[in-house]
Amino acid sequence: MTNLSLLILLPLLTALAVLFCRDNKQIRLTALVGSLFQLIVSSSILFSYFGERAAGNNSQMLFEARYTWYEAFNIEYYVGIDGISIAMIMLTSIIVIAGILISWNVEKLPKEFFFLLLLLSVGAYGFFISLDLFTLFFFLEFAVIPKFLLIGIWGSGKKEYSSMKLALMLMGGSALVLVGILATYFNTDIGNSIHTFDILKISQQHISIEAQRIIFPLLFIGFGVFTALFPFHTWAPDGHSSAPTAASMFLAGISMKLGGYGCLRVATYLMPEAAHEYSWLIVLLATIAIIYGSFATLMQKDLKYMNAYSSVSHCGFVLLGIGMLTKTAITGAVIQMVSHGLMTALFFGAIGMIYERAHTRQIDQLGGLLKVIPFLGVVYVIAGLCSLGLPGLSGFVAEMTVFVGSWQRPELLNRVATILACASIVVTAVYILRAAGKTVMGPITNEHFLHLKDAAWNEKFASILLIVAILAIGITPFWFIDLISADTQIIIENLTRGIVSK
Amino acid sequence: MNTDFFILMKSELSLLFIIFLLLFIKVWGGIKNNTTLLHFTNVLLLINLVLGFFWNVKGELFSGMYFTNDAISLEKSILNFGTLIISLQAFDWLKTHKHLLEFYILLLNTLLGMFFMISGGNFLIFYLGLELASIPLASLVNFDLEKRKSSEAAMKLILSSAFASGIMLFGISMLYGTTGSVAFAELPKLISGGSLQMLSLIFIFSGFAFKLSAAPFHFWTADVYEGAPVSVTSFLSVISKAATVFVFISVLSPLFINFQNSWYLILFLTIVLTITLGNLFAMRQNNFKRFLAFSSIAQVGYILLGLSSGTTMGTTASIYFLIVYIFSNLGAFGVVALVSSETGKENITDYKGFYKTNPVYSWVIVLSMFSLAGIPPTAGFFGKMFLITSGASKGNYILIVFAALNMVVSLYYYLRVVKAIFIEENETPITKLVGSVPLKLGLIICVIGIIITGFTSGLYQYIMACFKF
């Protein structure tokens, strides 16, 4: 089961199978079974990966497969994975299952809903396993339009505005990525002035520093839009809050990670010299995003907006880790991507379930939920605690690693940035505890709440799956760091090559 | 004259045969039933298309005035293919039309003119073909005989077309005056780069730009597209444009090889202007045909971007894009034709809630829109990508950033259609439509084309093989 293309084919086939289902029940079951198979395939890939590594296989990428696609442009369908991609793949398959379970009771056009959700996961898997820039870009754009339709059709509030804004901003980001990729392509030469899209080959090429200075910002900003890089984050709050629950989970849990992964794998890895030159700018923007995001969250009265703004802040940690360019910081950034993906999916899931029952997301209208729906109340509190970085949960591991890694950079700017980022945790604690205290604890504010039903089996299963993953990373972070440390090492070596040659 | 003549000119001869056959049927009046006639014509067109893939040889006739090779045969097959799909999609409109045969006779005459234009070995044959292609087209535009808008459109087309032809002729005559030749094979060597020749380049280019509806010669497009019957509009936007691009590749690009810098500058300005104006105007349109008109102007800008590279890569990418464009544009036009002939509605706002009543047709339009916008996994993504990649080979990244960002602008108006169909509510949506079998067949071909073409690189390789002389 180590054929990586299964990761693309399986969700694709599931999506097509959904189209041929007759009734609601069949649709849900097909989607669920398909997504469970995805998890099985990804887990088996994870275990065979550990097996291969234990057996002493030291090649950078494992389970590679390549087919020539467009010979004229030297475009290949080239896939392969390392520890970082596996982490992302596991994250994706967990969130897909959780998302499908949470949207068990979608009434409006269920067939199309699950079809688009699964299509979105095709894009995500394809992106994480691609080692060819063209294929990578193909999957990056592939994942945008399902989001537009999911928000536009099933969303709430000002959904038309939000979905259009999201689609255009993400496409704008990918347009920059496109130019960056093409510029990279034309700056490579693998003999006989043949260019290449192959990421591993490009990393061996010595692209001139002048070219890198132009290409790096294009790639970094382009991918940065996906991960809500300040000041291109404005799609995130609107998009998240208008989206239906499962789409928010996918958007924050998977889609924003596409950007982070791209910033790391494509921009930083392929343009090491430029990454050093622009490091200060990334750190600056990331710090602004962290501070601005957390203070903006303080002002929100809607639970979903709150989580959307806090996502901006948390994705800032990812960018901060990448911008610091030390091994620990980059490891932290990867952990933060996974941790934030799981945590925010759980958060959005909990908010969605609460909204479905209480019909409001306004903090001041909610109260005392723990007394009537204890399970959901606890889920919400766990998500919140993970968000504020409580030890034992994944958020702590991730943020701690980023801070430790950042502190290794002695420059003044980096020191200040690290201190500010640490300080933002306090703000996080304020808004999380305030919101949790108001909604979950306290007196019941509305008589209607007395008749609420607690989570059903599907919701419980989804929440527990996410919580187990969060706890797994939080309690035993070492196996996770082991998984990715060899690959962050390679990225770091490429980066130091950048310093030496300068 | 020997057997070579028949084989070399087989595409023209088979078209001529069909034209005369239809004429005889008209005069003789044997078949009165429109449906039978339409099926009959479609079968003829299919045979004509298939014929285009056999006995393709390279050669010239009439001392070089007419020539053909693999690339030209491929180009003719592409035109034949597009015409067949349009004919299939026109079924619902034509089955009750009084002047069915005239429609086909005029349509095929236009096609014949385009064939001569592509195969022309010198400016005289080329110009003859051009006029043969334009004049019947103007009468086709007027084919909704009782509609005033239709006549207005035809008038606009013929007047501005004549003007453009005049300018182009002026350019040709200046070229002849300075070099003493009109043969494409000799001209590139004789053109040395004088200012008079520069002027003639600009004049000839303007004529082409008019046919392509590239800015600033695009003003006729929207009005004509709106006034013409939908099938004619699709012919104008796909086949006419493709034919002009083909000539552009084989004639114009090699002709001015000595003017490379000014040539690139002209193309650069035209591309920027065309994409900008097309996009800006397309955003504001509510009539579906006008909307597609302006969006097709923007698409032309991207085709020119590919051509500006001046390499085989760019040529191949442009031809590839044109095929993809045929699929995507005809996919949209097919549904618009059906809706327009059944309900008379042509506005984008009328399509609100279309998904509730016609889910399958909605997906066809939406797929076409995605393909036009260049979103994966549709073929349009690959088409645009290759155009932009070949454009980037010149290293002019300002242009590439501009083109890439304009894809986002164009996404806005394509998504507006998607939004109307899927998201917006409507109390009186278009009722459930049942299209005829040929129309559905045409749409199925388009959808398969949109989905398959990109994933399989076979078509691209085939085009490239045809263009490697």
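## Close-ups of a predicted model

A search of the whole structure turns up 5 cavities of 30 Å³ or more. This is a predicted model, where local features need pLDDT of at least 70, side-chain atom pairs count only at pLDDT 80 or more, and totals for chains, interfaces and linings use all residues. Residues are numbered from 1 along each chain as its sequence is written, chains are lettered from A in the order in which they are written, and side-chain values use heavy atoms, with hydrogens and water left out.

**View 1. The largest cavity holds about 180 Å³ of space.** A cavity here is a set of points, on a 1 Å grid over the protein atoms alone, where a 1.4 Å probe fits but cannot get out, and lining residues have an atom within 4 Å of a point. Points are joined across faces, edges and corners, and the volume is the space filled by probe spheres set on them. Of the 17 lining residues, Ala133(B), Ser134(B), Leu137(B), Lys211(B) and Ser240(B) lie nearest the centre. Two or more residues each come from α6 (100-119), α7 (123-141), α8 (148-179), α10 (195-212) and α12 (230-255) of chain B; helices are DSSP runs (H or I, at least four residues), numbered from the N terminus. The largest share, 5 residues, belongs to α7(B).

**View 2. Phe138(A) and Phe382(B) make a tilted aromatic pair.** There are 68 aromatic pairs over all chains, counted when ring centres of Phe, Tyr or Trp (its six-membered ring) lie within 6.5 Å; planes under 30 degrees apart are stacked, over 60 edge-to-face, and the rest tilted. In this one the centres sit 5.6 Å apart with 40 degrees between the planes. The pair crosses between chains, from α5 (residues 133-142) of chain A to α18 (residues 379-392) of chain B. Phe138(A) and Phe382(B) are both buried (under 20% relative accessible area with a 1.4 Å probe, protein chains only; exposed is over 50%, partly exposed in between).

View 3. Trp479(A) is partly exposed at 35% relative accessible area, while Phe480(A), at 4%, is buried.

**View 4. Arg66(A) lies over the face of Tyr78(A).** The distance from the ring centre is 3.9 Å. The cut-offs: NZ of Lys or CZ of Arg within 6 Å of the ring centre and within 35 degrees of the ring normal. Arg361(A) does likewise over Tyr355(A), at 4.9 Å.

Notes. 1 Å grid on protein atoms, 1.4 Å probe; cavity = no way out; pocket = protein on both sides within 12 Å on 5 of 7 lines; lining within 4 Å.
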